[in-house]
Amino acid sequence: MPTLRYSPSAVRFLSLLLVLLGLAHLGQAQVQLRGVVRDRETQEVLPFASIAVLGTTNGTTTNLEGEFTLVVKELPAQLLVSELSHVRDTVRVAAGGELLNITLAPASVVLPEVKVASYPFQLVDRAFRNLARNYRRSYYGRAFYRQITRIDDEPTELQEVVWNVKSNPARIEGTTLAQGRYAGVQAPISLNNFSVYTRRYGLFDIRQDSTTSLALFSPNVEKNYLLELKGIVGEDSTGGVAEIGFETRPELAYQAQGTVWIDLETNQVVRYRVVQPSFTGSTSNPRQKFTNAKLTIEMTFKPGGAAGVAPLELMKMDLTTDLTEPGKEPLAVKVTSFTYFYNQSTTNPRLPYAQASLNDRDLDAIRAKPYDPEFWANNPVVKRTPAEDEVVSAFEKKGAFGSMVKGQNRKPARR
């Protein structure tokens, strides 16, 4: 049989053709899906709902506007969509290009037949032991932090930071600054160190004396708290998530109340929300005082963690308080912040993570880091959570943004 022979130029052409065909195949395999997740009854958007390709680890969450972007290898694809207070649903996507409008039905909350008074205490105790047992399990990744400060409803500060972060199933263990930016206008007070509350707060601290702890997750829960089982969210043949209301006993000086959601099968804390009237912040002006303070803290953990543990997915810290000073009208101060965790794994990148300290100065750390406009312009996490137009407009008018505003290339002022 005769042997075919090709010239060197023909071989190069065929090789190039094969490469191009391979790239074309890869390009067709990657499909970008975009959509919005809403409540089926109210049509309100659902922030931080989870969207995952069924049977894979490929997934994402919706932003504050309920929007999401997800790249899948091929179509059709089955998406599993879930949110704690809604019924999980699967959506089959056969074609890309169109905006997906996904709705979830509100989850029914049912009371179990067994209404033993000690049952919620047992659930909290199991969750506490689960946290203590897995406290040394570490996760490494990044976290995007955004804070907006308002005084008498006027925006005065906008701070955005991306941390390299080390966390465990109960709290943030340490951070190191990757990038940060800050915009502010002249105001009676600045709260640019507010992130320390996020970085220091946790459900449980193994270094603390558990016999004196006032935390909900401690051996002292029966002594310090009143608990009420409100119901089981999403109860079915596989179990469900217990919704438990809690408040500190009235005889305690420390007062707090809130709700915790615990997975009945794994004893994992899925979500935690607490409201407390105590706020220990102070200003550099000894005449200024914070009164009528209310601090709301919310923590959400990724569902379905192995062995009943999972990394943090979201932390929110909201503060409302009055700033008082003799001879002046009180000023209403409102600080809203959230921290979204992403790119998490159990592989230690060996970065110099530092525990949060009350002596930390966020603004000094931000200004010491060279500003990288490309980092912010091309960061998909930042794009998914755009700041409110009202805030951007307010700072734009007062020229407070510097390089935070698109189209401006000048370096931020260093003071």
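Predicted model: local features only at pLDDT ≥ 70, side-chain atom pairs only at ≥ 80, totals over all residues.

A: Gly35 has Phe68 as its bridge partner in E4. That's one spot in the pairing of strand E1 (residues 31-39) with strand E4 (residues 67-72), which run antiparallel and are joined by six bridges. Strands here are DSSP runs of at least two residues, labelled E and numbered from the N terminus, and two of them pair if DSSP finds at least two bridges between them. E1 also pairs with strand E7 (residues 100-104), this time in the parallel sense, over five bridges.

Residues are numbered from 1 along each chain as its sequence is written, and side-chain values use heavy atoms, leaving out hydrogens and water.

Now hop to Val233, in strand E12 (residues 225-236). Val233 is buried, with a relative accessible area of 8% (buried means under 20%, using a 1.4 Å probe and protein chains only). Leaving aside residues up to four places away in sequence, Val233 touches several others, including Leu84, Val109 and Trp261; contact means heavy atoms within 4.5 Å. Trp261 is 28 residues apart from Val233 along the chain, and their C-alpha atoms are separated by 8.8 Å.

Last stop: Glu298, in strand E16 (residues 289-301). Glu298 counts as buried too, at 16% relative accessibility. Among the residues Glu298 touches, again skipping those up to four places away in sequence, are Arg271, Arg273 and Lys316.

Conventions: Helix = DSSP H or I, 4+ residues; strand = E, 2+ residues; numbered from the N terminus. Buried < 20%, exposed > 50% of the residue type's maximum accessible area, 1.4 Å probe, protein only.
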